[in-house]
Amino acid sequence: MIDLNALAAANVKRWENARLTRKFCGVARALVNGKARYKAVATKTGVPWPVIAVIHERECSQDWMGSLAQGDPWDRVSVHVPTGRGPFISWEEAAVDALVHCAPYAARNKDWSIGGTLTLLEQYNGLGYAARGKPSPYIWSGTDQYQSGKFVRDGVYDPDAVDQQLGCAGLLLAMIALDASIKFSGKKTSMPAPVPHSSPARIPEPTQPSITNPSKGSIGAFIANIFAAIFRRK
């Protein structure tokens, strides 16, 4: 049995320490651009629209013909878990069904702090990673909190497989950077700006000796000093 409070605390700690290791901006921008449709579902379910957006990306790469429940086409009966859902008349109707009537029943969640949000999202995909003491790639793929390990099919875990999709935590961080209205309780609200690499100080090139700038200790320097002394007396 997974202790969800402990999992939430672990996810908060990972959130505080996470750094992106892949490019998230393009996908995050597409999700933010879908805000109006996500907010329409949020109004009916109480699930924050950014959470709906990242589930949509993870389940079907933001395909508007894919169901939020498992990525199956929403205009026919689903064949993947949860099976037997649909058909629906729109993406929005299918999304409401997924959040209200399908495990983990996201519409019932009351804790939308960052710990509660990430733990709900992890439950959405399953707690098999938490049972192994591993960070879930569903949440952490594309950040330094995840290296490898993936369920390649139901019940089959490959410790060497690497999830190629972007995880929910990195997506949320990238979306926050694009839309300041996205807020979760917790310390971190955006990725810190990278420290710019400072250019090394430019070393001036040595000046070539000349009549007006003779080398120190040279005959030219000696003569220049004599002329300078004469002109100072005048």
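A salt bridge is counted when a side-chain nitrogen of Lys or Arg lies within 4 Å of a carboxyl oxygen of Asp or Glu. The model discussed here is predicted. By this criterion the structure holds 6 salt bridges, and one of them joins Lys35 to Asp179, with the closest N and O atoms 3.0 Å apart.

**Salt bridges**

- Arg37 is partly exposed, at 34% relative accessible area.
- A further salt bridge is formed by Lys150 and Asp163, whose closest N and O atoms are 3.5 Å apart.
- This pair links distant parts of the chain, 13 residues apart, with Lys150 in strand β1 (residues 150–153) and Asp163 in the loop between β2 (156–158) and α9.
- Lys150 is partly exposed at 24% relative accessibility, while Asp163 is buried at 2%.
- Arg58, Lys150 and Asp163 are linked in a network of salt bridges.

- Glu57, in helix α4, is buried yet has no salt bridge.
- The nearest side chain of opposite charge to Glu57 is that of Arg58, 7.7 Å away; this distance is outside the 4 Å limit that defines a salt bridge.
- Apart from residues up to four places away in sequence, Glu57 touches Val27, Leu31, Gln62, Gln165 and Leu171.

- Helix α2 (residues 25–33) has three buried residues, Ala28, Leu31 and Val32.
- These residues lie on the same side of α2 because they cover an arc of only 100 degrees around the axis.
- An α-helix has 3.6 residues a turn, so residues three or four places apart point the same way.
- Gly26 and Asn33 are exposed on the other side of α2.
- The cover over the buried residues of α2 includes α3 (35–45), α4 (49–60) and α9 (168–178).

**The largest nonpolar core**

- The largest nonpolar core has 47 residues, and those that touch the most other members are Trp15, Ile52, Leu68, Leu99, Leu118, Leu121 and Met175.
- At least two residues of this core come from each of α2, α3, α4, α5 (91–101), α6 (114–125), α8 (137–140) and α9.
- Helix α9 gives the most to the core, with 8 residues.
- Leaving aside neighbours within four places in sequence, Met175 is in contact with Ala28, Leu31, Val32, Trp49, Pro50, Ala53, Val54 and Ile182.
- In soluble globular proteins, nonpolar side chains tend to be buried together.

- Asn5 is located in helix α1 (residues 4–17) and is exposed, with a relative accessible area of 65%.
- The C-alpha atoms of Asn5 and Thr119 are separated by 8.8 Å, although these residues are 114 residues apart along the chain.

Notes:
Residues numbered from 1 in each chain as written. Predicted model: local features only at pLDDT ≥ 70, side-chain atom pairs only at ≥ 80, totals over all residues. Heavy atoms only, no water. Buried < 20%, exposed > 50% of the residue type's maximum accessible area, 1.4 Å probe, protein only. Helix = DSSP H or I, 4+ residues; strand = E, 2+ residues; numbered from the N terminus. Arc of directions from axis to C-beta. Contact = heavy atoms within 4.5 Å. Lys, Arg positive; Asp, Glu negative; His and termini not counted. Core = buried A, V, L, I, M, F, W, Y, C linked by side-chain atoms within 4.5 Å.
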